[in-house]
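Open the model in your viewer and keep the selection tool ready. Each stop below says what to select and what is there.

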Amino acid sequence: MSTEESPRAVIAALGANLGIAATKVLAWALTGSASLLAEAIHSFADSGNQGLLLLGGKRSRRAPTREHPFGFARERYVYAFLVSIVLFSVGGLFALYEAYHKYQEVHEHHPNELLTSRWSWVPVVVLVVAIGMESFSLRTAVTESNKTRGDVSWVQFVRRAKSPELPVVLLEDVAALLGLVLALAGVSLTLLTRNGYYDVAGTTGIGLLLVAVAIALGIETKSLLLGEAAALEDQHAIEAAITGSAGSGLAIINLRTMQIGPGTLLVAAKIAVSPADGAADVADAINSAELRIREAVPDATYVFIEPDLRRADA
């Protein structure tokens, strides 16, 4: 997935979240529902997260410098990791705090603003509309993901993706939809039963959901930041490209790959050559292998091949 392919899903999510956040804030101001406040903060956090993803994509396209000779492609992983932190703190922990605060009010028999407000019907309408808008955002993310997902499952797609934007948007949208359902359930049951504990339960569910998603995102982006190997199919393609056709004379002693960033792969290999081969022959063989690697795996931006003498027992 190139840097240019994923912004469509990110921008769709950003537009949806900004619209949803504004309506949730208005509904919370009218009713005082804890679930709506948690969902409003969640939407604002998601909007900020999409802004971070777009900023990371822009900064990753900077040209390499002497201080950063491999470029800045990994900035997309850095900003994706910041997204998990924001989602955990601003989204999840705030929702859990709000749930605890609301629980104390209900436990101490304070009047529930949602039940006493003449606008008590507003949250239900807002949440239903928000579910529709969030469904559109998720549909866009799924459509964009299917262009590169292939036959792998959604779990495998999220875990194996080298571009962080679509997995992040997918998980955020799924969490947002589930959170809206929890909020709708909490608000509706509170209105039907006149029991404020349902609003507290909905808010708690939202907080736990966001914390779980944030942890999952953090684990995946941390792995990318540490430096993952190329996808297994790309590794096999690189191996085949190095050995080349019959009579190429190249055999792999050691091969290492590392995903420097989305669409940017580093390949380092040590190959065995015959003691009888001249320097010019070895150089030609290595240059041909580099060309074959880049043809087989276009993301192989940096290719380093080191020759070594073939051992007698090899």
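Which residues line the largest cavity? Keep in mind that this is a predicted model. To find the lining, select Val158, Arg159, Ala161, Pro164, Pro167, Val168, Leu217, Glu220, Thr221, Leu224 and Glu228. The space they line is about 70 Å³. A search of the whole structure for cavities of 30 Å³ or more finds one.

Now colour the helices around the cavity. H6, helix H7 (165-193) and helix H8 (197-226) each supply at least two residues of the lining. Which of them gives the most? That is H8, with four residues. Coloured by class, the lining shows seven nonpolar, one polar and three charged residues.

Stay with H6, which covers residues 154-160, and select Trp154 and Phe157. These two are three residues apart in the helix, so about one helical turn separates them. Are their side chains buried or exposed? Trp154 is partly exposed, with a relative accessible area of 33%. Phe157 has 9% and counts as buried, because buried means under 20%.

The next stop is aromatic pairs, of which the structure holds three. Select Phe70 and Tyr302 for one of them: the ring centres are 4.8 Å apart and the planes stand at 90°, an edge-to-face arrangement. Where do the two residues lie? Phe70 is in the loop between helix H2 (34-60) and helix H3 (75-107), and Tyr302 is in strand E3 (residues 300-309), so the pair ties together parts that are 232 residues apart in sequence. Phe70 is partly exposed at 34% relative accessible area, whereas Tyr302, at 17%, counts as buried. Go back to Trp154 and Phe157 for another pair: with centres 6.0 Å apart and planes at 85°, their rings are also edge-to-face.

Select Arg62 and Phe72 next. The charged end of Arg62 sits over the ring of Phe72, at 3.9 Å from the ring centre.

For the last stop, select Ser89, which is found in helix H3. Ser89 is partly exposed, with 32% relative accessibility. What lies 2.8 Å from a polar atom of its side chain? The backbone oxygen of Ile85 does.

How values were computed:
Residues numbered from 1 in each chain as written. Predicted model: local features only at pLDDT ≥ 70, side-chain atom pairs only at ≥ 80, totals over all residues. Heavy atoms only, no water. Phe/Tyr/Trp six-rings, centres within 6.5 Å; stacked < 30°, edge-to-face > 60°. Buried < 20%, exposed > 50% of the residue type's maximum accessible area, 1.4 Å probe, protein only. Lys NZ or Arg CZ within 6 Å of the ring centre and 35° of its normal. Polar contact = N/O pair within 3.5 Å; in protein donor to acceptor, adjacent residues only side chain to side chain. 1 Å grid on protein atoms, 1.4 Å probe; cavity = no way out; pocket = protein on both sides within 12 Å on 5 of 7 lines; lining within 4 Å. Points joined across faces, edges and corners; volume = space filled by probe spheres on them. Nonpolar A, V, L, I, M, F, W, Y, C, P; charged D, E, K, R; others polar.
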